[in-house]
Amino acid sequence: MYDASTRRALGAALGAAFLAGRWSEEPMLRRGAQALSPRPRWLRPVVREVLAAYHRPPADRPRELAAYVALALEARRSGVPAPRVRRAFGPEAAMGRTPWPVPEIRSPGALAALLGLETGELLWLADARGLERDAPSRRLRHYDYQWLRRPGAPPRPIAAPKRRLKAIQRWILHEILDRIPPHDAAHGFVRGRSARSHAALHAGRATVVRLDLEDFFSCVTAARVYGIFRAAGYPEAVAHALTALCTTVVPRIEWEALPAPAPELARRHWRLGRRLAAPHLPQGAPTSPALASLAATGLDRRLAGLAPMLAAGYSRYADDLTFSGPADLPARTLIRVAAEIARDEGFSVSAAKTRVRRAHERQLVCGLVVNAHANVPRAEYDRLKALLHDAERNGPAAANRAGVPELRAHVLGRISWVASLHPGRGARLRERFDRVDWEAAAR
């Protein structure tokens, strides 16, 4: 029996030979004989085994084929020395089947050309050598890091990609990810859906159950991202390159500089550290929201199937899972099963943020009150009204106590949000807005 390294070498040589021409027994046998010397007795049985396993040539996954051939050789005993590789075939990779209208990219070289890069530049931006983990200097990294402090939780890393990588990620988002439809239950980061559409699905229900996924982006590993690009039909090498462009690891020096966690947070801090030390989606990259939502498709599918069994509805906005149903909705059972499904799908539900609200309580979904219909909380409306009153009497500069840049645009956006949910309130706020001398702030 050949040793493991020999099987891998023979598998790679034969896999490449098999893919270099017609996918039928005799042509594959001839190319296999050209690749190895002397021709082994087991070559024809291996060819037949490959054809039985792959009815079409797996041109988009040559590594998988090489591994399969190596595995087939493991079961074959040979009393003669292993043949040597006489000729290396170089088959052209091809796209696999894809249900979505994504651009065709057959090789890393073709990807680099599409992005206007040299192949070496692509490898550097994809961090093929894993330098980001141990880079001591900011200049050597592809991301700038900030840590957001959170009460009762470890700090959240915000990894902002530098200009060049960010432009590439935007291309991947618009040219590839925007063409892959998410699950119907997903409302976050989806064109035509929003926090409003998510909340509206649960308005007027007797019971609302909310669960929150812990460290949503860092839970999405490179393996999951790779699976998304492979499902889109990209060959293995291209999917690896796209995955590397969209994932990262937090530099060791950044993590070690954080202060020691409080004792009650030590375990969660440790879990987060493990996730950040492995390639994951960086919060701050343009591609991360879409990839996270697509990575949760299996979770959405299973929870959307669970909900009707309990007479409930289900939707998700980013890391916010919401169920709603009748007064006798078995909330404890729902929470337990949903948490088990989330764990099975690679996510973790934060028990501290789980909420069950009945009709006599204020039911909030994504910051919107949904007891009767989706609406902004009264307190938020009152704060906005007070700000406009202050700006009208004392001027925008005096009213801007929070130091919000571009206050006029900020307030106008908040009014538009209120108006989309409650036109009457929106109209009243707009009247107050129009009475403010916004030009005074510029003088």
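## A covered helix

Helix H13 spans residues 288-295 and is mostly covered, with eight of its eight residues buried. This comes from a predicted model. The buried residues are Ser288, Pro289, Ala290, Leu291, Ala292, Ser293, Leu294 and Ala295.

## Ala312, in a loop

Ala312 sits in the loop between H14 and S6. Is Ala312 buried or exposed? Ala312 counts as buried because its relative accessibility is 12%, and the cut-off for buried is under 20%.

Leaving aside neighbours within four places in sequence, Ala312 is in contact with Ala307, Ser324, Gly325 and Leu329. His202 is 110 residues away from Ala312 along the chain, yet their C-alpha atoms are separated by 9.6 Å.

## The largest pocket

The largest pocket has a volume of about 470 Å³. Its lining has 25 residues, and Ala126, Asp127, Ala128, His240 and Ala244 lie nearest the centre. Helices H6 (119-125) and H10 each give two or more residues to this lining. H10 gives the most, with six.

By class, the lining has 15 nonpolar, seven polar and three charged residues.

## The second largest pocket

The second largest pocket holds about 300 Å³ of space. It is lined by 25 residues, with Arg156, Asp215, Phe216, Phe217 and Gln283 nearest its centre. Strand S3 (143-150), strand S4 (153-161) and helix H12 (266-277) each give two or more residues to the lining.

How do the lining residues of this pocket divide? They comprise 13 nonpolar, four polar and eight charged residues.

Notes: Residues numbered from 1 in each chain as written. Predicted model: local features only at pLDDT ≥ 70, side-chain atom pairs only at ≥ 80, totals over all residues. Heavy atoms only, no water. Buried < 20%, exposed > 50% of the residue type's maximum accessible area, 1.4 Å probe, protein only. Helix = DSSP H or I, 4+ residues; strand = E, 2+ residues; numbered from the N terminus. Contact = heavy atoms within 4.5 Å. 1 Å grid on protein atoms, 1.4 Å probe; cavity = no way out; pocket = protein on both sides within 12 Å on 5 of 7 lines; lining within 4 Å. Points joined across faces, edges and corners; volume = space filled by probe spheres on them. Nonpolar A, V, L, I, M, F, W, Y, C, P; charged D, E, K, R; others polar.
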